[in-house]
Amino acid sequence: MGRQPDRLDSVCVFCGSSDAADPALLASAATLGRELAGAGLTMIYGGGGVGLMGACAIAAHEAGGKVLGVIPHFLKEKERRLDVVETIVVSSMHERKQIMFERSDGFVVLPGGIGTLEEVVELLSWRRLDLHVKPVVFYSPDGFWEPLFKLFQHTVDHQLTPASFMDTWTSVSRIEDIVPALLRAQPVGEDAAPGAARLT
């Protein structure tokens with residue numbers, strides 16, 4: 001289902017799609033979009049024009065960056081498909097996530113709701129199974145993601161998850177630290193997981 005990247009060319013951004021989000025979070029998402037564009041990284045995202053996802057994609061596009069959206073047909077109106085960027089329309093959420101994973105060399109998790117949680121738990125589950133070693137960076141302003149990290153640690157404490165799982169992502173509190181963290185975490189050569197060429 002996915003290839004093991006030799007270099008970081010494209011970054012998938014998982015984040016909230018609510019326009020009711022804190023304006024500071026929307027502004028941070030826009031800053032990330034500009035930074036991805038400035039670093040020459042293709043942004044891959046859920047295809048909508050709302051919330052943090054819209055703010056990030058619009059900013060990346062306006063900064064001259066390449067943006068690829070992937071959206072199910074039933075969400076085109078609800079999430080206001082962003083027609084100014086290249087967009088793939090798919091039939092299901094599963095197909096959406098599969099394409100986003102396959103096209104991405106790394107992942108950024110901005111603040112989001114239940115949809116973002118669903119995406120990142122699946123992504124980290126695949127990482128736990130050694131199906132990929134693509135870098136994952138959380139943006140956790142004011143400790144936004146700490147409750148999730150504590151839940152992960154809770155499963156480790158009860159010996160339901162190996163302690164090594166806690167090293168499978170990076171968390172940063174400043175938006176400008178995201179791209180450097182992705183680049184530092186990018187595995188190459190013999191560091192790449194041997195079974196990561198294909199997911200089932």
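Here are a few notes on the fold, with a closer look at strand E5.

1. Ground rules: this is a predicted model, where local features need pLDDT of at least 70 and side-chain atom pairs count only at pLDDT 80 or more, while totals for chains, interfaces and linings use all residues. Residues are numbered from 1 along each chain as its sequence is written, and side-chain values use heavy atoms, with hydrogens and water left out.

2. The protein chain has 6 helices and 7 strands, taken as DSSP runs (H or I, at least four residues, for helices; E, at least two, for strands) and numbered from the N terminus. Reading from the N terminus, the order is β-α-β-α-β-β-α-β-α-β-α-β-α.

3. On burial, 52% of the 200 residues in the protein chain count as buried (under 20% relative accessible area, 1.4 Å probe, protein chains only). The accessible surface is about 9600 Å², with 52% of that belonging to carbon and sulfur atoms (Shrake-Rupley method, 1.4 Å probe).

4. E5 (residues 106-109) is covered on both faces: Gly106 and Val108 are buried on one side, Phe107 and Val109 on the other.

5. Who are the neighbours of E5? Strand E1 (residues 10-14) runs parallel to E5 and is joined to it by 4 bridges, with Phe14 partnering Val109. Strand E6 (residues 136-139) also pairs with E5 in the parallel sense, over 3 bridges, and here Phe107 stands opposite Val136. Pairing takes at least two DSSP bridges between the strands.

Methods:
Buried < 20%, exposed > 50% of the residue type's maximum accessible area, 1.4 Å probe, protein only.
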